[in-house]
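Let's take a friendly walk through this protein, from a single side chain out to the whole fold. Keep the viewer open as you read.

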Amino acid sequence: MTMRTRTLGTNGPQVSALGLGCMGMSALYGEADRTESIATIHAALEAGVTLLDTGDFYAMGHNELLIGEALRTAPAARREQALLSVKFGALRGPGGEWAGYDGRPAAVKNFAAYSLQRLGADHIDVYRIARLDPDVPIEETVGAIAELIEQGYVRHMGLSEVGAETIRRAAATAPVADLQIEYSLISRGIERSILPTTRELGISITAYGVLARGLISGHFSADRRLGANDFRAHSPRFQGDNLRRNLDLVEALRKLAEQKGVSVAQIAIAWALAQGEDIVPLIGARSRERLTESLGALDVVLDADELAAIEEAVPADAVAGERYAAPQMAMLDSER
């Protein structure tokens, strides 16, 4: 496996072609093993992964503390190569409930102060509000991030789950390096207007959910039991007939993967990598075993015929169910 690099945006940082999304090490996907999580971050850094993605609201700061510990205990050379992408703005209650988003300038700076402390860092490489605050103009939110950049606390501006109009307004206010948004074989909505907009403006995509939360990893089965604290227990794509139909798509993909001599996860990640040099998939591995499998996608080269066969087996509009439940979908600026 040879780690390739890509650049975030026109003037953003150079990062590894695959980033590590660390959310599942703390929240939303059932129990995680802290020791194995830290070992996985160390293994990712050793393999040449540079981009580590988190959110300050993942288990109410737990994920940032976990990454901070992993970086403190990593060899100095590996620690120095790490680039931190942080989302902020989600409001939580003591029982874990969600309470909206806060993009006010004062809140932006407050969130950043706490993140820097938890991460044990003097700067954040890419900083972005997790979802658009409907009560605060995006110009005010990104303006506050621009001030943090001027002060040296943030290096680059990011966005997350916003639509084409919001992207244009943000980019007209301050340089934007990157948009983080869900993108995979079965989540291709950004291809309609968002991806053309980011490409016009020189903004890259960090693609989360590249394995659709494990749905197209090749490891998820219809009889799997999910705990109440697992996001997928409530996700439309993992319910009843939707799940059965979606797993049929996975089996069609599995046949192509077997012909290629790779795993389902590897061919799905390789498809995402093949969509353009401006796409940086985030892999959500929570163990070294899954990390190794995902990194193997870097050695999978798909030609035009193979890409066409993949998209015939898993058509862009074939997925059953929305990616979030209706209340969450209604809050997504990227879906408007």
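## A word on polar contacts

A polar contact here is a pair of N or O atoms within 3.5 Å; within protein, one of the two must be able to donate a hydrogen and the other to accept it. Please also keep in mind that this is a predicted model.

## Arg 323 and its partners

With that in hand, which side chains does Arg 323 join through polar contacts? One partner is Glu 161, whose side chain makes a polar contact of 2.7 Å with that of Arg 323. Another is Glu 182, where the side-chain contact with Arg 323 is 3.0 Å.

You will find Arg 323 in the loop between α11 (304-313) and α12 (326-330). Its relative accessible area is 7%, so Arg 323 counts as buried, the cut-off being under 20%. Beyond its neighbours within four places in sequence, Arg 323 touches a list of residues that includes Ser 187, Tyr 208, Arg 213, Phe 231 and Glu 335.

## The whole protein

Stepping back, the secondary structure comes to 12 helices and 12 strands. The C-alpha atoms fill a box of roughly 55 × 45 × 40 Å along the principal axes. For 336 residues, a compact globule would have a radius of gyration near 20 Å, and the 19 Å of this protein agrees with that.

Of the 336 residues, 58% count as buried. Taking contacts between residues at least 6 apart in sequence, 74% join residues at least 24 apart.

## The barrel

Now for the strands. Eight of them close into a barrel, with parallel pairing, in the order β3-β4-β5-β8-β9-β10-β11-β12. On average, neighbouring strands of this sheet are turned by 30 degrees against each other, direction ignored. Lying across β4 and β5 is helix α2 (residues 62-72), which runs at about 150 degrees to β4.

In soluble globular proteins, nonpolar side chains tend to be buried together. The largest nonpolar core in this model has 94 residues, and Leu 20, Ile 41, Tyr 127, Leu 159 and Leu 179 touch the most other members. Helix α9 (residues 264-273) gives the most to this core, with nine residues. A second, separate core has 18 residues, including Tyr 29, Phe 57, Tyr 58 and Phe 231.

## Loop residues to check

Most residues other than glycine have a negative phi. Met 60 is not a glycine, yet its phi is positive, at about 50 degrees. Met 60 lies in the loop between β4 and α2 and is partly exposed, with a relative accessible area of 45%. Arg 213 also has a positive phi, near 60 degrees. Arg 213 belongs to the loop between β11 and α8 (240-260), and at 14% relative accessibility it counts as buried. Arg 213 is also one of the residues in contact with Arg 323.

Finally, have a look at Gly 152, in the loop between α5 (138-150) and β9 (154-160). Gly 152 is partly exposed, at 35% relative accessibility. Apart from its neighbours within four places in sequence, Gly 152 is in contact with Asp 122 and His 123. From Gly 152 to Asp 333 there are 181 residues in sequence and 29 Å in space, C-alpha to C-alpha.

Notes: Residues numbered from 1 in each chain as written. Predicted model: local features only at pLDDT ≥ 70, side-chain atom pairs only at ≥ 80, totals over all residues. Heavy atoms only, no water. Helix = DSSP H or I, 4+ residues; strand = E, 2+ residues; numbered from the N terminus. Buried < 20%, exposed > 50% of the residue type's maximum accessible area, 1.4 Å probe, protein only. Contact = heavy atoms within 4.5 Å. Pairing = 2+ DSSP bridges. Axes fitted to C-alpha atoms, helices over the stretch in contact; angles between N-to-C directions. Core = buried A, V, L, I, M, F, W, Y, C linked by side-chain atoms within 4.5 Å. Rg over C-alpha atoms; globule rule 2.2 N^0.38 Å.
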